[in-house]
Every structure is written in structure tokens, then in C-alpha cells.
Amino acid sequence: MSVVVGFALALGALVPGPEMVIAKPVKPGIAVLPDLPEVEVAQFEPGGSNVVPPVMPPAADVKSLAGMAAATGTYTCTGFGTVDDKTTVALLKADKFAWGPYPAYKVGNGRGNINWRLNPYKNRSWYMWFHSLRWLGQGIVAAGKGDTTAMARVVAISKDWVADNPYSWKADAGANESTMHRTNVLICLRQAIMAGLGVTTLPAAYKWIDVALVNHARFLTANWSGAWNHGTDESIALFGVGCTLNRNDYKATAQNRLAAGITTAIDSQGSSNEQSTAYAQFNYYLWGRAVTALKACGADPGTTITARRKLMAGWLALATNSLGKLHQLGDSEVVATGADPGTPLAYAGSLGREGTPPGRRIGAFRAGYVFGRTGWGETRPFTQESTYSIRYGPARAMHGHGDHTAITYTSHGRDILIDGGHSGYQRDVWRAWVVSPFAASAMTTPSAADTRPVTKLTRSVINPTSEFYEFADVPGAGISRHRGVLVLKNPDLIVALDWASSTKAQQFQTLWHLPSDQKATVYSRTTAIAMKPGDATRTIVVQVPYRQPLPRGAILVKQGQTKPIQGWHYPNIFTRKSAPTLMFARAGTRASILSVIAPVRATGSVQYKGRWSGTTYVVDLVVGGVKASFGVTPAGSLYRVR
């Protein structure tokens with residue numbers, strides 16, 4: 001029964017006003033966990049394996065409880081990521097799905113009968129999220145609040161998926177890949193039906209949901225992806241089915257797998273095994289969700305997961321640049337660091353506004369990362385610090401790129417050196433480029449096939465105003481490559497010495513990828529300048545002649561090229577920007593390329609002079625009016641002279 005109200009508030013008194021009909025109170029609905037910072041794109045490779053076997057002993061304290069029959073609790077709806085953001089209830093009622101940059105597409109007949117083989121935009125991610133059912137999120141939330149029309153539509157669509165995709169859906173890569181997500185959506189739908197109908201037991205008419213959940217649990221039990229985000233997500237979803245249906249076998253299997261996965265997914269230094277900063281951050285929050293799920297349903301998560309997450313929080317803090325973003329490495333979009341309270345991330349993610357500075361400013365991790373910075377904003381603004389990353393370590397795998405020895409760099413409140421970014425997982429020339437060495441700021445050998453090298457950190461020296469690192473690998477057959485990196489503080493700059501030899505004559509190209517908002521100009525064989533019009537900072541890149549004369553074309557600008565692809569940046573999977581790349585080129589069987597990357601004020605300059613001091617080559621610099629010198633030893637070590 002509706003209530004008629006005939007009053008309105010005017011001039012501080014109640015006076016008669018237009019009649020308004022107030023509907024019945026809206027039901028509170030279901031609890032939904034906040035979105036995690038997950039990467040939006042599909043990760044599957046049709047015909048390939050997504051299994052990452054654990055390689056470390058399992059955690060002994062994530063226990064399968066013998067008395068779990070008495071352990072009860074709840075499993076909260078894990079949400080829908082951002083997949084449901086654009087698919088409103090109105091679109092659902094019209095059987096339309098909207099995701100990413102793509103227009104809403106009518107996928108059904110208007111009555112919840114869906115064509116699950118559609119992929120109108122020929123995009124793997126669109127297809128995977130279509131099968132995930134996450135796009136029903138807004139309708140499920142509305143159903144939980146008593147919207148019976150929304151409930152009818154999301155029930156019809158979900159039931160249609162179950163009918164049209166009988167167990168097992170293993171042969172369909174999109175349906176297969178999205179099983180863990182769809183499992184959670186079905187649990188959310190189950191909760192919404194009971195909340196919307198105001199009942200505590202699922203009515204018989206909806207028992208098909210429980211049957212579907214059992215089939216999804218069967219699939220997850222038979223198809224574990226192992227020690228990475230897929231396997232973790234799958235284990236959480238499997239545990240969710242066990243908690244929802246009071247199936248201790250599902251819960252025990254999920255706990256065993258979480259125990260097996262944690263020690264490989266996050267190593268004892270806090271590094272992710274996925275070779276991507278964005279996926280590292282996702283894993284940090286995903287494992288936090290695992291702990292929450294276990295506790296909420298009466299299980300014991302132990303202490304190992306929490307301890308590894310604490311280590312990863314320190315890793316992610318160091319991986320945060322001076323702009324509050326993660327260094328864009330591997331399959332990573334440009335993403336902000338989450339300011340997780342009570343951890344080093346609170347300070348790093350808030351640009352120093354909250355929390356306390358982390359205890360160290362430099363970290364070298366055996367998983368293949370060096371992260372460093374001039375400081376945490378103690379003596380200058382946080383955003384005016386300089387930060388850098390350098391990649392090395394195990395061969396490229398999972399979400400890694402061919403970026404070994406590559407550098408990213410921020411200084412003076414902006415990006416200075418960048419990575420080519422992340423284009424998504426379409427099998428095209430753009431994906432091939434972004435994962436290649438040619439999308440990274442490193443020395444490349446374009447005529448040699450990439451061997452996905454293991455790269456060693458052979459030397460490092462840390463001083464108060466400088467850091468030196470040396471790396472070595474074999475990036476192609478018969479090729480030996482070394483890179484020495486010297487990072488200076490006051491003046492802030494980077495020196496890189498690339499030297500390589502090959503059994504066959506070929507080209508050697510040291511690439512420096514610059515931000516898309518800058519224009520790069522070559523001034524001489526030694527010098528190029530990059531600057532955004534009207535900016536307060538410019539970058540001067542100097543190629544110092546060392547052991548080799550500089551040939552004609554020693555510095556080239558490559559930008560917006562398609563044959564071959566060069567000079568681009570993907571800040572996210574939907575955006576490709578033309579960006580200048582400086583190429584320092586040599587030809588022959590040996591190369592020695594000495595580079596100085598110096599950010600200065602818009603009117604600043606860089607002068608240099610080389611001289612020999614015995615067997616050491618010394619370069620005297622004046623950078624923005626500040627003097628500095630560095631030396632190069634016969635063995636290739638770089639060190640600060642003054």
C-alpha cells in the first residue's frame with residue numbers, strides 16, 4: 001500500500017503541496033565487495049596452456065581443517081570488476097551488453113535468450129567478459145533490492161547460459177577462461193534472489209543455480225591454473241561454492257591450492273612471478289581477498305599469505321614512481337598505486353600525504369627488478385624526486401615483455417623514459433611489438449631472433465649520490481650484450497654504457513623511448529632534445545663518443561612508424577599514441593654506445609667533455625649549471641668522480 005503525502009516545505013513552514021507517491025521502502029540488497037585493481041583484458045591464448053605449476057614448497061599453515069564440518073560462515077559477493085559499469089539495467093532489459101570502448105550490442109532476442117557465440121568486435125576480452133556474466137552486475141544488485149523485473153532478466157540470461165553451455169565447456173576458450181568469474185556471479189545471483197524475495201532458503205524454482213554451481217566447482221576442481229592470479233581466483237571461487245553449498249570437499253581443495261600457490265605466486269622477497277607491475281598489484285589485493293574469504297567462512301588462512309603480502313607491499317612501494325604510478329612494466333597499463341592503509345603503500349600511493357616513508361629507497365630483486373629513487377620527498381616534493389626501474393632476471397614468461405636491461409625513469413615531475421606499454425592480447429602486429437625488445441629502452445639487435453634471455457645482474461655499487469648496476473646476457477645467437485647503468489643525484493641523470501659483440505656483422509640499436517607528449521629533435525650526432533611545448537622541463541640526451549667514432553645517422557628519431565613498427569606508446573589497451581623514440585645506431589661485429597639522459601629546466605643545457613685519466617675515460621658534465629663527472633673503467637664499470 002502506497003502512502004500519499006500532501007505537504008511541501010516552503011518559507012520555513014509546512015504548507016500543502018503537490019501530491020507525491022512514496023513507494024515501499026527499498027530492500028537493503030546484498031553486500032558486494034569493492035572492485036579489485038584487476039587488469040580488464042582476457043589473458044587466454046587459444047590452444048595454449050594457462051597452467052603455472054607451483055615450484056616452491058607449499059605454505060604449511062594454510063590448513064585444511066579436520067573439523068571443518070563445524071566451520072560455518074558467509075561468502076560475500078565478490079562483485080563484478082568494472083565489467084558491469086556500462087551495462088545499465090535498462091540495457092539488460094533490452095539484452096544489450098556494453099564494455100570498454102565498444103558500443104552496446106544487442107546479444108539476445110529481448111527476452112533473455114542470448115546468442116553466446118557472438119563476438120561482434122572480434123575481441124577476445126569482449127568475448128570472455130560476455131561469458132563471465134559479470135555484465136549482469138547492475139541487474140543483480142537491483143534484483144537484490146527487490147526489482148523483480150531486473151531479477152527476471154538476470155535470471156533468464158544466466159539460466160540461458162547454463163542451458164546453452166552444458167558441462168563441460170572446456171572447448172570454448174572464452175567460456176573456459178571466465179569460469180571463475182561466472183562462478184562468483186552465480187553466487188551473487190543466488191544471494192540477490194533470496195534478498196530480493198525476502199527469503200532465507202533458495203526457492204525450488206531456482207535450484208538450477210545450485211546445480212550450475214556444482215558443475216562450476218567440478219570444472220574448477222578438474223582445471224586448476226596453478227600459482228598465479230588465475231589459480232588464486234579459481235581457488236577463491238571454489239571456496240565460495242563450498243561455503244555457499246556447505247561442501248567441505250570444495251573448501252578443502254581450495255585451501256590446499258591456496259597453500260600450494262602462495263609461495264610461488266609471491267616469492268620470499270615480495271615479487272610476483274607474473275613479470276608485470278600491474279598484475280603484481282592485482283595479486284596483492286587478490287591474496288588479501290583470499291584471506292578475507294577464508295576467515296569469513298570459518299577457515300584458517302594461516303600467516304604465510306599475510307607475511308608474503310607484507311613483503312609485496314614493500315615491493316610495490318618501491319615500484320611506485322614519483323608520479324604515484326607503478327613503473328609500466330610487462331602487461332601493465334599506466335595504473336596508480338593503491339594507498340593501502342597501514343602499509344608502505346599508504347605513503348607511496350598518496351604521494352607522501354599519508355603514512356610514513358618506507359625504510360629504503362632502493363631494491364634489487366632476484367625476480368628481475370631494480371627499483372630506485374632519489375628519495376621519498378623528505379627534502380623536496382615527492383613528485384620532484386627521480387625514480388627508475390631496470391629489468392633483468394629470468395627469461396620472459398607469463399605477463400613479461402622482452403625488456404631485459406631496459407630503463408624507465410621519472411624526474412622533474414614527469415616521465416622521462418617510458419616503456420611501450422600494453423596493447424592487450426589480440427594476436428596482431430601491435431601485440432608482437434609491445435612484448436618485443438623494440439618497445440623497451442634497451443640495446444637491440446634487430447637482425448637476430450629474440451632468445452628470451454636470462455639476464456644477470458653482475459655488479460652493483462650503492463652510494464649516497466649515485467648507484468651503479470651492470471647486466472649481461474645473450475639476447476641472440478652469437479651475441480654478447482652488457483649494460484652498465486649509473487644513476488646520479490644532484491644533478492639527477494642516468495648514464496648507460498651499452499657494449500656488445502657478435503659473431504656476425506649486424507646492427508646494434510640502443511633505443512630510448514620518450515613520452516608521447518614530447519617532441520624530439522636531433523641537433524647533432526651527439527645530441528637530441530625532447531620537450532613538450534610550453535613545459536617547464538626538457539630532456540637532453542647525449543651520445544658521448546667512446547671507443548668508436550659516431551657514424552652518420554648515429555641518432556635517429558623514430559615516431560609513429562608502422563613498417564617496422566616503432567615510436568608508439570600504449571598507456572592502456574584501448575589507446576595507442578605516437579611517441580618519439582631515439583635510436584643510437586651502430587653496425588659491425590662490435591658496438592659501444594655511451595648515453596647520458598639528463599632532464600633539465602626548459603632553458604637548461606648540458607655540456608660535456610671527455611678525457612682520459614690513465615686507462616679510465618672521464619666525462620665532465622655541466623647539467624643545468626651543476627657540475628658532475630663520471631668515469632668508465634676498462635672493464636666497463638661506471639662510477640661518480642664528483
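Arg414 and Asp517 form a salt bridge in which the closest N and O atoms are 2.6 Å apart. Arg414 belongs to strand β9 (residues 414–417) and Asp517 to the loop between β14 and β15 (519–522), so the pair ties together parts that are 103 residues apart in sequence. Arg414 is buried, at 9% relative accessible area, whereas Asp517 is partly exposed at 32%. The model is predicted, and a search of the whole structure gives 16 salt bridges.

Arg380 and Asp492 also meet through their side chains in a salt bridge, with an N to O distance of 2.9 Å. This pair links distant parts of the chain, 112 residues apart: Arg380 is in the loop between β6 (369–373) and β7 (387–391), and Asp492 is in the loop between β13 (479–488) and β14 (493–513). Asp492 is buried, with a relative accessible area of 8%, and Arg380 is partly exposed, with 24%. Arg380 and Asp492 join Glu385 in a network of salt bridges.

In the salt bridge between Asp172 and Arg117, the closest N and O atoms are 2.9 Å apart. Here the partners are 55 residues apart, with Asp172 in the loop between α4 (148–164) and α5 (173–177) and Arg117 in the loop between β4 (102–106) and α2 (124–132). Asp172 counts as buried because its relative accessibility of 17% is under 20%. Arg117 is partly exposed, with a relative accessible area of 45%.

## Nonpolar cores

The largest nonpolar core has 99 residues, of which Phe97, Phe130, Trp135 and Ile140 touch the most other members. Helix α10 (residues 277–296) supplies the largest share of this core, 12 residues. A second, separate core has 30 residues, among them Tyr392, Ile407, Met443 and Ile494.

Leaving aside residues up to four places away in sequence, Phe97 touches Val83, Thr87, Pro103, Ala104, Tyr105, Val107, Trp126, Trp129, Phe130 and Trp135.

## Aromatic pairs and charges over rings

The structure contains 32 aromatic pairs. In one of them, the ring centres of Tyr284 and Tyr285 are 5.0 Å apart and the planes are at 85°, so the pair is edge-to-face. Tyr284 and Tyr285 are both buried. Elsewhere, ring pairs link Phe97, Trp99, Tyr102, Tyr105, Trp116, Tyr121, Trp126, Phe130, Trp135 and Phe574 into a cluster.

Two arginines lie over ring faces. Arg182 is over the face of Trp169, 5.3 Å from the ring centre, and Arg391 is over the face of Tyr369, 4.5 Å from the ring centre.

Technical notes
Residues numbered from 1 in each chain as written. Predicted model: local features only at pLDDT ≥ 70, side-chain atom pairs only at ≥ 80, totals over all residues. Heavy atoms only, no water. Phe/Tyr/Trp six-rings, centres within 6.5 Å; stacked < 30°, edge-to-face > 60°. Buried < 20%, exposed > 50% of the residue type's maximum accessible area, 1.4 Å probe, protein only. Lys NZ or Arg CZ within 6 Å of the ring centre and 35° of its normal. Core = buried A, V, L, I, M, F, W, Y, C linked by side-chain atoms within 4.5 Å. Helix = DSSP H or I, 4+ residues; strand = E, 2+ residues; numbered from the N terminus. Contact = heavy atoms within 4.5 Å. Salt bridge = Lys/Arg side-chain N within 4 Å of Asp/Glu carboxyl O.
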